[in-house]
Amino acid sequence: MHPFFTQSGRLGVYLLGWIPLTAILGGLLMLAGGLSLLEAAALAAPLGLLYAFLCLSSWYLCRAFPVDSARLLATASALAVASIVAASLWLLSGTTLAWVLALLPAFETLPDRLQHAGPVVFLLGVLLYLLVLAMHYVLEAAEAARDQERRAAELRTLAREAELQALRERLNPHFLFNSLNSIAALVAVRPEEARSMCALLSDFLRTTLGMSERSSITLREELALAHRYLAIEQVRFGDRLTMAEDLDDSAFDVAVPPLLLQPLVENAVKHGIGARLEGGTLSLVTKRRGDRISIVVENPADAGSEKPAGAGMGLSNVRRRVAACWGDAGHVGAGLSNGRFRVEIELPARP
Amino acid sequence: MPSPPLGAVLVDDEPLARSLVRQLLAAHPDIRILAECANGFEAIRAVAETNPDILFLDVQMPQLDGLEVLELIDRDAAGRPAVIFVTAYDQYALKAFDANAVDYLLKPFDRARFDRALERARTRLAAGGGPVALPLAPRGMPLARVVVKDGVTVTVLPVEKIDYVKAEDDYVLLFSGGRNHIKKQTLASLEDALPRERFVRIHRSYLLNLDRLARVEGSVAGGSMAVLIDGTSLPVSRAGAQRLRALLGSP
């Protein structure tokens, strides 16, 4: 459906623009065919209106042939053919109309005189068609620019949201207070470990805070952050949390928005492994296949267990950010199989 | 006067959190650690087997949380074991005191705070007949699961798995998939805690999970019977029939 028909205001403006064009048509008919003012008006008004709508069809052409230098020749010939066909149709309608009007005694000689003006009308038809086509290209380009701006804005909002969520997680009792409690437990008996836990925790907090200023980081940095987080959780969980990793270093330089993986890793620990008596293994796999990379976060989950509240929050944020960043080129899949909950992110590998 | 030795059980799913309590208890030679537990199930078994005076109880634990553990352990008339909650969350404090806990330690805490909690426990135990444990006040949200205990075996029943509940004096019998579990609670208090849109009191002695209802039949005696999907028939009182009609929206 042409956008003008869904936004009636724009159709009105467009039709107003056709009034002077129709006047030009009338003038040309008078000059080239020697029509009287009345004859020119009787012919030009319906023809102008008809062509205004006929030319809207160029929108589909504009959609089918986006500006692309590689197909310049094909595009140019398609546009030329389309404008010739449209102008021919227009002239044919004009002639038909002239014959119909000729039934009235006052317009008897109209078809004859229109024939003289034929080439001029045809030429005008081609020009008008190309003019409307050009207008469509301009409108499409403006629309695309607005779209891109909107997407960029959405991306910024989502990044801020993730950052806020990450910050809240940093400052929530579950993580920070329990980590501090672990340090309190280590201080007297294993002071060296207490010191390293302090360093880990500070490092982690500092890194997440610094990330907020950047719009994209490398996968390597994101994974390093996940490692710090998991090292802290491992101190808390002890034997209940084990790690399995298979990281493909050819994927490390791919750019990702900061804290993209963090919600997934936190969910896997908090709602996956933390909810099980015996704990389990969190696995983190990155792979590169040609120009795509895949990142998999997997944790054991009890099939029957009800979905813990809040588990979906992190995942939906990741989904929205991937969609905002990569559109259809990015993909997030999540599901339960063989007693394990698995989230896979697939992205184009762009540094 | 030296106080009599006291036995303690430590419950926390984080080993370091247990270690901290253990370290702080080392300064109190009169307190002996009877058991350390990493989850609620172990805690219930340990309490039954060792009969401790003091229970250090974490709230957030996998599958069976500290409040549910407290609901399932037997406390004697003197309120023994005295329960000290140890948690990083402050939002359970009210419920903990409703359940007559002695103290509520927020992680991380220092020695002075820990010793104060212990002092309160000693005082409570020395007083002998402290206030008897009250049943847990209903939580703000409807229950998502019901915990029951048979000896030291704990069963966690998600509410959607409960077919119906029958009152037996001061106990309730929970029927689930052809098995039943007994729990010391009144039917009225359980009815209050369960989600109202799912469970309906069809009779003075019966609470029915609406999802299990196949049809309602008139019986020869004049009353009506609720027939469940598995074929079980339960009596429906006149008031129960009205409640059923209201929930099912039929005339």
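**The parallel sheet of chain B**

Let's start with one pair of strands: in chain B, β3 (residues 54–57) and β4 (residues 82–87) run parallel and are joined by 4 bridges. B:Leu55, for instance, sits opposite B:Val83 in β4(B). Some ground rules before going on: this is a predicted model, where local features need pLDDT of at least 70 and side-chain atom pairs count only at pLDDT 80 or more, while totals for chains, interfaces and linings use all residues. Residues are numbered from 1 along each chain as its sequence is written, with chains lettered from A and ligands numbered from 1 in the order in which they are written.

Helices (H or I, at least four residues) and strands (E, at least two) are DSSP runs, numbered from the N terminus. Two strands pair if DSSP finds at least two bridges between them. In general, the strands of a sheet pair through backbone hydrogen bonds, either parallel or antiparallel.

Now the whole sheet: it is open, has 5 strands in the order β2-β1-β3-β4-β5 (chain B), and its pairing is parallel. At the edges you find β2 (31–37) and β5 (103–106) of chain B; each has a single partner strand, so one side of each is left without a neighbour in the sheet. On average, neighbouring strands here are turned by 20° against each other, direction ignored. (Axes are lines fitted to C-alpha atoms, for helices over the stretch in contact, and angles run from 0 to 180 degrees between N-to-C directions.)

**From the sheet into the core**

Leaving out residues up to four places away in sequence, B:Phe56 touches B:Ala8, B:Leu10, B:Val11, B:Val21, B:Ile84 and B:Val86. Touching, or being in contact, is when the C-beta atoms of two residues, placed from the backbone, lie within 7 Å.

B:Phe56 also belongs to the largest nonpolar core, which has 113 residues; B:Phe56, B:Leu57, B:Ile84 and B:Leu208 touch the most other members. The helix α9(A) gives the most to this core, with 8 residues. Such a core is a set of buried Ala, Val, Leu, Ile, Met, Phe, Trp, Tyr and Cys residues joined through C-beta atoms within 7 Å. Buried is when 20 or more other C-beta atoms lie within 10 Å of a residue's own; 12 or fewer makes it exposed, and in between it is partly exposed, with C-beta atoms placed from the backbone. In soluble globular proteins, nonpolar side chains tend to be buried together.

**The rest of chain B**

Zooming out, chain B has 7 helices and 15 strands, and 40% of its 251 residues count as buried. Of the contacts in chain B with a separation of 6 or more, 56% are between residues 24 or more positions apart.

Further along, there's some antiparallel pairing too. Strands β13 (residues 213–218) and β14 (residues 224–228) of chain B run antiparallel with 5 bridges, and B:Arg215 faces B:Val227 in β14(B). Then β14(B) joins β15 (residues 233–236) of chain B, again antiparallel, through 4 bridges.

**Across to chain A**

Where the chains meet, 20 residues of chain A are in contact with 16 residues of chain B. On the chain A side, α7 (173–189) and α9 (219–237) each supply at least two residues, and the largest share, 12 residues, comes from α7(A). That side of chain A divides into 11 nonpolar, 6 polar and 3 charged residues (Ala, Val, Leu, Ile, Met, Phe, Trp, Tyr, Cys and Pro count as nonpolar, Asp, Glu, Lys and Arg as charged, and the others, Gly among them, as polar).

Chain A has an open sheet as well: 5 strands in the order β2-β4-β5-β7-β6 (chain A), with mixed pairing. Its edge strands are β2 (241–247) and β6 (331–337) of chain A, each pairing on one side only. The twist there averages 10° from one strand to the next. The helix α9(A) turns up again here, packing on the sheet and touching β2 and β4 of chain A, with its direction at about 160° to that of β2(A).
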